[in-house]
Amino acid sequence: MALIKSISGIRGTIGGTTGENLTPVDIVKFTAAYGSIIAEGKTAARIVVGRDGRISGGMVQGLVVNTLSGLGIDVIDLGLSTTPTVEMAVKMAGADGGIILTASHNPREWNALKLLNQEGEFIDAATGARVLELAAAEQFSFAPVDKLGKITADDSFMQQHIDAILQYPLVNTRLIKKKDFKIVVDAVNSTGATFVPALLYALGINEVIVLNGE
């Protein structure tokens, strides 16, 4: 079991001992540190959160969005989403940051908090160091009951992401459709099972076969 702390985020295995794995306590601590830094100097802050299809995703997401709300930060909760969609949603929503809950290629016991700035890009080294320092100190100031952040579920950003791709000047959907492509997608039982076929059909692909799309 492991907990890996870096400037781009926090990766670890679910379960086990606090401080050595990605336990609920660690998730709250690092979320609170990041959220506190993002909210500095702002009368109102907003953070986008989205997750992949991992077994632990719902649990981690609940801890993250409610911790941010507890700090007085408004949350745009994308639910199941892809990494680039969360990144784009930060910019599209004019948010102050974003958290992607995904451990990429790691086995199912892993999960991670990947931390974004207001440009939808990974936070820089200086900000990452501050997150780690504040999390270690555990000196957080949470909002009073009448100042809690609002959590808004919004699943519209997948379509907004697809629309942005279709509007890109180098994308020629008429030419793609003319080629009569047939594409097989291995979605590894995650959010790609939703996003990738929808994108391919929008691009003009005539037939999409999805493997591992549960």
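1. Contacts and basis of the model. Among the contacts in the chain with a separation of 6 or more, 70% are between residues 24 or more positions apart, where a contact means heavy atoms within 4.5 Å. The model is predicted, so that local features need pLDDT of at least 70 and side-chain atom pairs count only at pLDDT 80 or more, whereas totals for chains, interfaces and linings use all residues. Residues are numbered from 1 along each chain as its sequence is written, and side-chain values use heavy atoms, with hydrogens and water left out.

2. Overall form. The chain holds seven helices and nine strands, these being DSSP runs numbered from the N terminus, with helices (H or I) of at least four residues and strands (E) of at least two. Its radius of gyration is 18 Å, close to the 17 Å that the globule rule gives for 214 residues, so the chain is as compact as a globular protein of that length; the radius is taken over C-alpha atoms, and the rule is 2.2 Å times the number of residues to the power 0.38. Along its principal axes the C-alpha trace spans about 60 × 40 × 30 Å. Of the 214 residues, 43% count as buried, a term that stands for under 20% relative accessible area, with exposed meaning over 50% and partly exposed in between (1.4 Å probe, protein chains only).

3. The sheet. Seven strands form an open sheet in the order S1-S2-S6-S5-S3-S4-S7, with mixed pairing, and two strands are taken to pair if DSSP finds at least two bridges between them. Strand S1 (3-6) and strand S7 (151-153) are the edge strands, each pairing on one side only. On average, neighbouring strands of this sheet are turned by 15° against each other, direction ignored; the axes behind this angle are lines fitted to C-alpha atoms, for helices over the stretch in contact, and angles run from 0 to 180 degrees between N-to-C directions. S4 and S7 run parallel and are joined by three bridges, and Val-75 stands opposite Ile-151 in S7.

4. Strand S5 within the sheet. Five of the five residues of S5 are buried, so this strand is largely enclosed by the rest of the structure. Gly-97, Ile-99 and Leu-101 point one way from S5, while Gly-98 and Ile-100 point the other way. S5 is joined to S3 by five bridges in a parallel arrangement, and to S6 by four bridges in an antiparallel one.

5. Helix H5. The buried residues of helix H5 (residues 157-166) are Phe-157, His-161 and Ile-162. Seen down the axis of H5, these residues fall within an arc of 145°, so they line one face of the helix, the arc being that of the directions from the helix axis to the C-beta atoms. They pack against strand S4 (74-80), helix H3 (83-93) and helix H7 (192-203).

6. Salt bridges. A search of the whole structure finds five salt bridges, each defined as a side-chain nitrogen of Lys or Arg within 4 Å of a carboxyl oxygen of Asp or Glu. One of them joins Asp-26 and Lys-29 (3.9 Å, N to O); both residues are buried, and, being three residues apart in helix H1 (residues 24-39), they are separated by about one helical turn. Another joins Glu-40 and Arg-130 (2.6 Å, N to O). Glu-40 lies in the loop between H1 and strand S3 (46-51) and Arg-130 in helix H4 (residues 125-137), so the pair ties together parts that are 90 residues apart in sequence. Glu-40 is partly exposed at 43% relative accessibility, and Arg-130 is partly exposed at 38%.

7. Two residues with positive phi. Most residues other than glycine have a negative phi. Ser-104, although not a glycine, has a positive phi of about 55°; this residue is placed in the loop between strand S5 (97-101) and strand S6 (110-116) and is partly exposed, at 43% relative accessibility. Asp-180 likewise has a positive phi of about 55° without being a glycine, and lies in the loop between helix H6 (173-179) and strand S8 (182-186), where Asp-180 counts as exposed at 54% relative accessibility.
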